[in-house]
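I opened this model to look at a chain interface, a fold and a helix pair. My notes follow the order of looking.

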Amino acid sequence: MSAASDISEKPKRGFRLELKTVGPLLALLLLVLLGISLNENFLSYSNLTNVLARSSFIGIIAIGATFVITAGGIDLSVGSMAAVIAGLMIMVMNWLIPTMGIGWGVVLAGMLAGILLGGVAGTFNGLMITRGRIEAFIVTLGTMGIFRSLVTFLANGGTLSLNFDVADVYRPVYYDGLLGVPYPIIVFALVAIGGEILMRRTAFGRHCAAIGSNEQVARYSSINVDNVRLLTYILQGLLVGVAVLLYVPRLGSASSTTGVLWELEAIAGVIIGGTTLKGGYGRIWGTVVGVVILGLIGNILNLQSLISPYLNGAFQGVIIILAVLLQRGKRT
Amino acid sequence: MIIAQGTPAPAILSANRISKSFGEIPVLFSIDFDIRPGEVHAIIGENGAGKSTLIKILSGIEQPTSGSIGFDGQTVVLPPNGAAESMGIVLIHQEQNLAEHLTVADSIFLGRELKKFGFLEVGEMRKRARAVMETLHVRIDPDARINTLSVADKQMVEIAKAISRDARVLIMDEPTAVLSVGETETLFEQIRRLTARGVAVIFISHKLDEIMELADRVTVLRDGQWIATVGTEALTPDSIAQMMVGRELSNLYPPKHEPDVDAPVVLGVRNLVATGVKDISFDLRKGEILGFAGLIGSGRTAVAEAIVGLSHRDSGEITLDGKPVNFTRVAQSVEAGLAYMTKDRKGKGLLLNMGLRPNLTLLTLKRHLKAGFLDTASESRALERAVRRFDIRARDATVAVGRLSGGNQQKLMLGKTMESEPDIIIMDEPTRGIDVGTKQQIYHIIAALAAEGKSIIVISSEMQEVIGLCHRVVVMREGRLAGLLEGAEITEAEIMRYAAGIKQSGHDERSV
């Protein structure tokens with residue numbers, strides 16, 4: 001950092017800071033090495049793209065969650081929100097078929113509806129938290145239940161299925177790609193790059209960290225705390241919409257079990273990546289690494305035969321606790 | 001226990017050739033220190049002199065790198081994490097360590113609750129808490145929640161807590177930094193009561209007059225070195241100050257340059273009513289330093305926050321350069337060239353976990369945008385300028401601001417406020433808890449700003465500061481203007497008379 005001349009540039013605790021920065025990367029590297037040693041198929045192109053494509057839904061949501069958490073908030077509703085958006089998207093597309101016919105028009109209308117619905121849901125969460133002055137945990141716990149119940153109601157307890165012909169048109173959005181890279185991965189990468197720039201290089205990102213670090217300081221520094229907070233929830237909602245429009249073509253259906261526990265996976269990815277749960281510091285690339293780590297654990301368990309893949313959740317849990325333990329050790 | 005005057009009792013707690021390093025950085029060099037029962041021993045020194053580290057070692061929170069601790073004549077290793085409290089060594093922190101949501105009685109017995117069959121004896125604890133309060137002659141309801149108490153009352157609770165633990169050595173880190181004159185007097189009475197019972201009191205303070213009044217002996221530290229330990233009777237405030245900074249402090253306050261008599265009014269306040277403000281009117285002229293004196297809670301901060309839009313204004317009129325304004329958000333007042341610098345630098349002023357640069361530019365981030373993106377190079381240039389202008393000293397620019405000394409934090413906050421290039425600056429307790437050397441720097445900066453034509457309001461509980469620095473002084477009492485002093489009227493006695501309500505400048509609306 002090129003700072004003041006009479007301030008020495010040499011960080012005294014360099015090694016520790018380094019470790020904190022590269023910790024998640026180191027963990028990722030270890031996992032990859034483990035994967036290679038267990039199964040030669042691990043490094044195959046199809047396996048890696050498969051893992052990344054599956055991780056991209058959680059990843060895109062987790063990038064939104066990084067902003068929310070950095071600003072000192074939390075959004076528990078994202079999994080249920082994804083389910084209800086998926087359900088409504090499917091209903092909108094099915095409903096539009098008689099007027100628009102089968103084709104990309106319907107699909108694009110559905111995508112647009114998905115993103116808009118995400119924005120609306122995020123705005124609702126954000127307004128309740130900032131204008132209603134209710135704890136984020138409570139608001140999003142409430143909407144988590146509301147959204148989950150709504151999708152069950154809309155599906156009448158069963159499954160909402162996209163019209164088969166439209167699903168055919170839509171399917172390439174998940175299964176195809178550009179130059180062999182599946183679209184979900186491309187979108188994930190674009191959202192990550194955009195998120196990193198937003199966090200690191202804009203006033204919005206700086207304001208998120210300031211609010212999460214100390215809301216009073218932010219207020220006294222003429223930051224519109226409520227608006228920045230609201231924006232993080234809207235952004236979160238929009239990104240849930242983006243994730244869903246990539247997810248729907250995968251199965252072409254939505255049910256009450258869609259997106260179950262996504263909120264926890266997203267939060268776990270954020271925390272493993274080095275963002276502090278109580279806010280004040282966040283990094284997008286760390287979140288990306290965290291989400292990929294979670295994806296790889298499941299993948300590696302599937303590729304070997306020693307340990308039951310049913311223990312996936314246990315391993316993820318251990319990693320989360322370890323990540324936080326290491327973070328704490330480095331903050332004296 | 002009564003300690004006869006003149007015959008030094010054996011030390012209860014002593015430090016023998018204590019050194020301390022954090023990593024490679026030495027902060028204390030071979031310090032000798034001791035305290036006897038019934039004695040008040042003050043530790044003074046500039047920020048970064050090693051005072052806080054020394055008391056942390058004396059209370060077991062930090063272990064010395066070399067040297068030994070003596071307790072009751074025996075060499076001991078003090079247990080860490082505050083466990084030395086069980087030996088009767090109690091540290092009262094600068095930042096008060098009370099759980100805001102507990103009651104007073106809960107706080108006093110925290111960690112050693114009275115229990116019967118595993119259940120809390122709530123009634124008994126309340127009774128004893130009340131008894132402790134009575135021995136202190138303070139009236140605090142044992143059932144009151146900590147967050148409803150004033151800062152001074154919280155401190156009394158801390159002292160009550162210490163007493164109920166049979167403290168033999170009470171260590172206080174700047175106990176008076178946040179107290180008003182009256183509250184300080186009450187605290188000193190408590191300390192005298194404690195010493196009369198044989199309790200040894202170690203305290204850190206930056207206020208030399210307090211040290212002269214209270215302490216029996218004074219130990220001066222400078223740059224981690226022991227400079228002197230002397231009986232207070234042999235000292236004058238000047239000689240202490242000189243030992244602290246190692247240089248003459250002849251001109252603590254810069255000479256006053258009165259603003260022109262016909263200087264225009266830049267800020268006018270008429271009949272302001274807001275939370276904590278009952279009715280106040282005053283004018284601030286261009287190039288003027290206007291002091292705001294009064295007891296803590298008299299509404300000085302509330303006035304400032306209502307003016308800049310941090311708190312809601314019920315009624316009244318505010319004019320800037322003659323034009324009426326109505327700020328509802330801080331951003332608007334900053335835009336208009338009116339900046340407020342909070343007194344709570346750790347809670348409201350600075351992001352302690354972040355580096356110098358993001359802190360400096362937080363208020364004015366918009367100025368460092370290039371095509372919508374942050375221009376970190378421009379931020380770094382701003383930091384370079386501020387470091388030079390305000391003499392901010394830090395190991396490196398990435399060090400978390402929370403690790404800077406109070407004086408450097410204050411200068412950084414001043415730099416942050418000045419980044420918005422305000423014409424009017426309201427500084428709330430601009431020198432709270434910082435050393436004499438830095439105070440002097442800040443006084444000169446304030447005077448220089450006024451000479452440049454900036455107009456400044458200084459809210460301060462340090463009477464000397466108001467007297468030494470300000471052209472006129474508004475004295476507030478219970479949300480109202482109690483008096484306005486000018487020129488030779490600005491004396492300690494006169495300010496006190498208005499602040500305490502002995503004298504009042506008529507109930508007719510005297511506009512200033």
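I am working with a predicted model, where local features need pLDDT of at least 70, side-chain atom pairs count only at pLDDT 80 or more, and totals for chains, interfaces and linings use all residues. I number residues from 1 along each chain as its sequence is written, and chains are lettered from A and ligands numbered from 1 in the order in which they are written.

**Chain B overall.** I looked up the secondary structure of chain B and got 16 helices and 24 strands. Helices (H or I, at least four residues) and strands (E, at least two) are DSSP runs, numbered from the N terminus. The radius of gyration of chain B, taken over C-alpha atoms, is 24 Å, close to the 24 Å from the globule rule for 512 residues, so chain B is as compact as a globular protein of that length. That rule is 2.2 Å times the number of residues to the power 0.38. I read the span of the C-alpha trace along its principal axes as about 70 × 50 × 50 Å. Of the 512 residues, 48% are buried. Buried requires 20 or more other C-beta atoms within 10 Å of the residue's own, with C-beta atoms placed from the backbone.

**Interface.** Next I checked where the chains touch: 33 residues of chain B are in contact with 27 residues of chain A. Contact means that C-beta atoms, placed from the backbone, lie within 7 Å. On the chain B side, helix 12 of chain B gives the largest share, four residues. By class, the chain B side has 18 nonpolar, eight polar and seven charged residues. I count Ala, Val, Leu, Ile, Met, Phe, Trp, Tyr, Cys and Pro as nonpolar, Asp, Glu, Lys and Arg as charged, and the others, Gly among them, as polar.

**Helix pair in chain A.** I then took helix 2 (residues 45-70) and helix 12 (residues 262-272) of chain A, whose axes come within 8 Å and cross at roughly 65°. Axes are lines fitted to C-alpha atoms over the stretch in contact, with angles from 0 to 180 degrees between N-to-C directions. The two helices of chain A are therefore roughly perpendicular, a label for 65 to 115 degrees. Residues meeting here include A:I58 and A:I61 from helix 2 of chain A, and A:W262 and A:E265 from helix 12 of chain A.

**A:F188.** I found A:F188 in helix 8 (residues 183-201) of chain A. A:F188 is buried, with 27 other C-beta atoms within 10 Å.

Terms used
Two residues are in contact if their C-beta atoms, placed from the backbone, lie within 7 Å. A residue is buried if 20 or more other C-beta atoms lie within 10 Å of its own, exposed if 12 or fewer, and partly exposed in between; C-beta atoms are placed from the backbone. Angles under 35 degrees count as roughly parallel, over 145 as roughly antiparallel, 65 to 115 as roughly perpendicular and the rest as oblique.
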